[in-house]
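Please open the structure in your viewer and keep the selection tool at hand.

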Amino acid sequence: MASAMTPVRRLGLGLAAVGRPGYINLGRERDLPSDRSVDALRARTHELLDAAYARGVRHIDVARSYGRSEEFLADWLAAHPEIGDVVVGSKWGYTYTAGWTTDAERHEVKDHGLATYERQRAETAALLGDRLGLYQIHSVTPDSPALTDRELHARLAEAAADGLVIGFSTSGPAQAEAIRAALAVTVGGAPLFRSVQSTYNLLETSAAPALEEAHDAGLLVIVKEGMANGRLADPHAPGALRAVAEGLSLGSDTIALAAVLHRPWADVVLSGAATAAQLASNLEAAAVDLDPERLARLETLAEDPRAYWQQRGRLPWH
């Protein structure tokens with residue numbers, strides 16, 4: 001089985017957009033069928049997994065709060081016992097509460113306490129068993145109790161001793177602060193975390209220095225939301241991005257992910273595709289070589305992180 005610390009390919013597939021009927025990505029109403037039943041989204045997820053694996057993707061990202069994403073992935077793995085080289089990463093710390101609807105008052109509830117870890121670790125184990133290679137605390141912020149709970153740290157260290165890679169993801173305008181705080185967490189004098197998954201894209205670049213520090217410290221760096229929840233995909237892409245994409249006869253999504261892949265500290269960049277066509281376009285990013293002039297034009301798109309996260313917080317669940 002592939003190791004979570006040595007990913008086979010730099011592009012991975014995240015199942016946040018297809019593991020549940022509602023999500024905040026732009027264009028979702030046209031990307032998914034009107035039938036958002038469990039069976040329909042299981043079929044779509046398996047279609048994407050088949051296509052991704054055939055194209056060389058070997059890192060799959062799920063989470064307890066992504067509806068039935070773990071279940072869908074477990075079904076696919078069971079149907080393909082010959083596949084042993086996929087890195088499976090999941091996350092705990094949010095509980096899915098939407099009840100398979102798109103109009104729930106709350107879609108997920110955050111809790112980084114030890115009891116939630118124990119419950120969700122058992123739930124993940126029941127579905128993914130020893131196929132799980134990477135387990136992450138979901139959306140750590142600087143005030144998260146997961147950064148200071150020594151009992152939780154001890155339990156996570158036990159899981160690491162059993163062979164599980166322990167990591168964390170970040171969200172919000174203070175990602176860099178959260179990353180640096182997590183890098184300082186130790187158990188028995190040794191660093192606890194061996195991976196970090198953060199939002200980084202052409203609009204939200206504030207975590208870059210801390211992610212480079214994490215990479216230099218030996219952590220696996222995974223980039224999520226490289227498409228800014230659809231804001232960097234056509235027809236929503238800003239003009240500078242569209243111009244670069246049109247000049248290369250490629251999609252804006254391809255260029256947006258290619259720009260992330262140009263960061264040497266980005267070990268794995270996740271595609272959040274909801275259709276096979278989107279996935280194919282996303283994966284073209286691996287073959288794009290952006291020259292310094294084009295990269296400089298794209299770097300002008302960066303927003304103030306507080307404004308970016310406020311905008312993200314206003315995106316409706318579709």
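**Stop 1: helix α7**

Select helix α7, residues 208-216, where Ala208, Ala210, Leu211 and Ala214 are buried. Buried means under 20% relative accessible area, exposed means over 50%, and partly exposed lies in between, with a 1.4 Å probe and protein chains only. Helices (H or I, at least four residues) and strands (E, at least two) are DSSP runs, numbered from the N terminus.

Now look down the axis of α7: its buried residues fall within an arc of 160 degrees, so they line one face of the helix. The arc is that of the directions from the helix axis to the C-beta atoms. An α-helix has 3.6 residues a turn, so residues three or four places apart point the same way.

Which elements do the buried residues of α7 pack against? They pack against α6 (175-183), β10 (195-199) and β11 (220-224), where contact means heavy atoms within 4.5 Å.

The model is predicted: local features need pLDDT of at least 70 and side-chain atom pairs count only at pLDDT 80 or more, while totals for chains, interfaces and linings use all residues. Residues are numbered from 1 along each chain as its sequence is written, and side-chain values use heavy atoms, with hydrogens and water left out.

**Stop 2: on either side of α7**

Select Thr205, in the loop between β10 and α7. Thr205 is partly exposed, with a relative accessible area of 27%. Leaving aside neighbours within four places in sequence, Thr205 is in contact with Tyr200 and Ala302.

Then select Gly218, which follows α7 and has a positive phi, near 100 degrees.

**Stop 3**

Most residues other than glycine have a negative phi, and most peptide bonds are trans. Select Ala228, in the loop between β11 and α8 (239-247). Its phi is positive, near 55 degrees, and Ala228 is not a glycine. Ala228 is buried, with a relative accessible area of 1%.

Pro235 is also found in the loop between β11 and α8. A cis peptide bond joins Asp234 and Pro235, with omega about 5 degrees.

Select Ser249 next, in the loop between α8 and α9. Ser249 has a positive phi of about 55 degrees, although it is not a glycine. Is Ser249 buried or exposed? At 67% relative accessibility, Ser249 counts as exposed.

**Stop 4: the nonpolar cores**

Select Leu13, Leu73, Phe168, Leu241, Leu290 and Leu298, which touch the most other members of the largest nonpolar core, a set of 96 residues. The largest share of this core, 7 residues, comes from helix α9 (residues 252-261). A nonpolar core is a set of buried Ala, Val, Leu, Ile, Met, Phe, Trp, Tyr and Cys residues joined through side-chain atoms within 4.5 Å.

Keep Phe168 selected: leaving aside neighbours within four places in sequence, its contacts include Gln136, Ile137, Val140 and Leu219. A second, separate core has 6 residues, among them Leu134, Val165, Leu220 and Ile222.

**Stop 5**

Select Trp92 in strand β3 (residues 87-92). At 1% relative accessibility, Trp92 counts as buried. Residues that Trp92 touches, not counting those up to four places away in sequence, include Asp111, His112, Tyr135 and Leu156.

Select Val268 in strand β12; at 0% relative accessibility, Val268 counts as buried. Val268 and Arg58 are 210 residues apart in sequence and 10.0 Å apart in space, C-alpha to C-alpha.

**Stop 6: the largest pocket**

About 980 Å³ of space lies in the largest pocket. Of the 48 residues that line this pocket, Tyr23, Asn25, Glu225, Ala228 and Asn229 are the closest to its centre. On a 1 Å grid over the protein atoms alone, a pocket is an open set of points where a 1.4 Å probe fits, with protein on both sides within 12 Å along at least five of seven lines; lining residues have an atom within 4 Å of a point. Grid points are joined across faces, edges and corners, and a volume is the space filled by probe spheres set on the points.

Among the elements that give two or more residues to the lining of the largest pocket are α1 (28-31), β6 (132-140) and α12 (305-313).
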